[in-house]
Amino acid sequence: MDDQTKLEIEAAAFRRLQQHLMQDRTDVQNIDMMNLAGFCRNCLSRWYQEAANERGIEMTKDEARETYYGMTMAEWKANYQTDASLEKQEAFKTAFAENVGKA
């Protein structure tokens with residue numbers, strides 16, 4: 001497989017993951033993803049931002065989230081986010097520290 005084809009396939013897989021998380025499974029909470037997998041939608045938007053910044057494209061965290069989510073974080077939270085139990089919040093602190101770093 002040539003490099004361009006590989007890049008296009010990787011991009012298509014990323015777009016499908018984005019669709020799955022942003023449209024097909026809005027019921028899955030970020031906190032559950034982070035606690036189980038060590039990453040969430042916010043991580044994906046941060047990685048998007050980091051890739052843009054590495055290429056000299058200025059992008060803030062909020063701009064990256066809006067690009068990835070297709071809406072502002074406030075809109076996402078109002079439409080899809082549910083309250084997390086204290087148990088999930090405590091597990092998140094550990095998962096975040098292990099996978100992202102200190103908050």
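Predicted model: local features only at pLDDT ≥ 70, side-chain atom pairs only at ≥ 80, totals over all residues.

Biologist: Which residues in H1 meet Thr67, Tyr68 and Tyr69 in H4?

Modeller: H1 covers residues 3-24 and H4 covers residues 61-69, and their axes come within 10 Å. On the H4 side you have Thr67, Tyr68 and Tyr69, and their partners in H1 are Phe14, Leu17, Gln18, Leu21 and Met22.

Biologist: How do the residues of that contact divide into nonpolar, polar and charged?

Modeller: Tyr counts as nonpolar, along with Leu, Met and Phe. The contact of H1 with H4 comes out as 6 nonpolar, 2 polar and no charged.

Biologist: Is H1 roughly parallel or roughly perpendicular to H4?

Modeller: The axes cross at roughly 85°. Angles of 65 to 115 degrees count as roughly perpendicular, so H1 is to H4 roughly perpendicular.

Biologist: On to the salt bridges: how far apart are the closest N and O atoms of Lys6 and Glu10?

Modeller: Both residues lie in helix H1, 4 residues apart, which is about one turn of the helix. Lys6 is partly exposed at 44% relative accessible area, and Glu10 is partly exposed too, at 42%. Their closest N and O atoms are apart by 3.7 Å.

Biologist: And Glu54 with Arg55, are they buried or exposed?

Modeller: Their side chains meet in a salt bridge, 4.0 Å from N to O. Exposed means over 50% relative accessible area. Glu54 has 66% and Arg55 has 61%, so Glu54 and Arg55 both count as exposed.

Note on methods:
Residues numbered from 1 in each chain as written. Heavy atoms only, no water. Axes fitted to C-alpha atoms, helices over the stretch in contact; angles between N-to-C directions. Helix = DSSP H or I, 4+ residues; strand = E, 2+ residues; numbered from the N terminus. Parallel < 35°, antiparallel > 145°, perpendicular 65-115°, else oblique. Contact = heavy atoms within 4.5 Å. Buried < 20%, exposed > 50% of the residue type's maximum accessible area, 1.4 Å probe, protein only.
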